[in-house]
Amino acid sequence: MTVRLEYEDGTLRIESDRESDPPLGGLPGVEADPRSGTARAPASFYGPIQDILQELDADVDDRVCPTEPLTLSTAYELRDYQREALDGWIDSNRRGVLELPTGAGKTVIALAAIADTGTPTLVVVPTIDLLEQWQRELEAEFDVPIGRLGGGEQRVEDVTVSTYDSAYLRADELGDRFGLVVFDEVHHLGAEGYQDIARLLAAPDRLGLTATFERPDGAHETIRDLVGPRVYQLAVDDLAGDHLAPYEIRRIEVELTPDERAEYDEAQGTFVDYVRKSNLSFNSGSDYLQLVKRSGNDPAAREALLAKQRARELMMNADNKRHQLARILDRHREDRIIVFTAHTELVYRLSERFLLPAITNETGASERREILQRFRDGTYSRIVAANVLDEGVDVPDANVAVVLSGSGSEREFTQRLGRILRPKDDGGRAILYELVSAETAEERVAERRR
């Protein structure tokens, strides 16, 4: 039996010179295509189909992915756990996800995987900052031209780095160009549109990198189907003290002022009263979305929604948090500090009060790079940011983090903690302060993110 495999617009076109045993329709993902009289499968099934045809000892005319190898090497010496992670991925037929905390060297493992695989490779990243960071790493390690898709450039080479957005737009065009695809921050692949990137690429070898694989919406199950299972996992505590800085988390409860307490109780009471009457349990995000929908034509729902938002603002931006922050900044005058908040407006208030360089989603790329560079070289010893430094940015080393406010997301908390965990030259301990408004819903939020 001779089976011919071709790539066509995000699919595999599969033909046989005779009736196969088992039939082509028995191969994973394969269905008959009446229009062409052939069989087809999503391109993502190329690797599994290859494996089965090899087991059947079929004669395969494979015209899908590149066959010319790349000779690449990396100067990095892998730590023991990094070697275990790489070996785990290789043993899983070069398909799977590595879950390691921020600062554990996931990029280093990926560079070793690219060199070991020796095939044209596409690296997919969520942000322009990561695009530029990866481009620098690839150019430093490999003596080959590095392509780039995103940030105003569209240049394809045997080793290319792309944003998720650019990969989504060009996946069907480039689907047979690469033998390995690396998804950095692979949890982003769970988004509905981005899933098509993995479906349209034929690359049989797939590597996902993340600090937090599981998603609250369960989309990690889809990632498992498209990239492979989680093949290696380490938590922060597995590496702290040896390969990451030892750390401690200090939770400080602050009291609302009398005026804040009165306004909070009134707003929260309005929200709770509506919930009791509305048959909404708020055990999941879908109930909140339902409240948003109702607010469009139900005055009571709109009042409840606005009250909830006001209560949230009060507890997250409490005045006494700023007083506590002043004490922390004074206590750590010699340390490098990142202050995290959930609200842009608060960032600017803190920046003005404490003379802190500020980074928000309104900060231009060049200004952000300049601030981070000055933080890196020691010109600045403290910065304040609203969410934008949680992931996807190459943040210089710090040893103290202050979380003034945030969501209940475990991923967000893990990323923020990871910003201070790179090993310190003096072997010092990292400290994360978590400021929580007492006797408010923020206490439950803080428990969820742990």
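1. A residue is called buried under 20% relative accessible area, exposed over 50% and partly exposed in between, with a 1.4 Å probe and protein chains only. On that scale, buried residues make up 52% of the 450 residues in the chain. The model is a predicted one, in which local features need pLDDT of at least 70 and side-chain atom pairs count only at pLDDT 80 or more, while totals for chains, interfaces and linings use all residues. Residues are numbered from 1 along each chain as its sequence is written, and side-chain values use heavy atoms, with hydrogens and water left out.

2. The chain holds 16 helices and 19 strands, taken as DSSP runs (H or I of at least four residues for helices, E of at least two for strands) and numbered from the N terminus. Along the principal axes, its C-alpha atoms fill a box of roughly 80 × 55 × 40 Å. With contact meaning heavy atoms within 4.5 Å, 71% of the contacts between residues at least 6 apart in sequence join residues at least 24 apart.

3. A nonpolar core is here a set of buried Ala, Val, Leu, Ile, Met, Phe, Trp, Tyr and Cys residues joined through side-chain atoms within 4.5 Å. The largest such core has 59 residues, of which W134, L138 and L389 touch the most other members. Helix α3 (residues 106-117) gives the most to this core, namely eight residues. Another core, of 22 residues, lies apart from it and includes L149, Y164, A198 and A203.

4. Which residues does W134 touch, not counting those up to four places away in sequence? They are T107, A110, L111, V123, V125, V161, D184 and L209.

5. Helix α2 (residues 80-91) packs against α3 at an angle of about 45 degrees, with the axes 10 Å apart; axes are lines fitted to C-alpha atoms, for helices over the stretch in contact, and angles run from 0 to 180 degrees between N-to-C directions. The two helices are therefore oblique to each other, since angles under 35 degrees count as roughly parallel, over 145 as roughly antiparallel, 65 to 115 as roughly perpendicular and the rest as oblique. On the α2 side Q82, A85, L86, W89 and I90 meet V108, I109, A112, A113, D116 and T117 of α3.

6. Helix α9 (residues 258-278) and helix α11 (residues 299-316) pack at about 145 degrees, with their axes 8 Å apart, and the crossing is left-handed. Among the residues making this contact are Y264, F271 and Y274 of α9 and A304, L314 and M315 of α11.

7. Helix α4 (residues 128-141) contains E132, which is buried, with a relative accessible area of 18%. Leaving aside neighbours within four places in sequence, E132 is in contact with R148 and R369.

8. E439 counts as exposed, at 57% relative accessibility.

Definitions and conventions: A crossing is left-handed if the near helix is turned anticlockwise from the far one by less than a right angle, and right-handed if clockwise.
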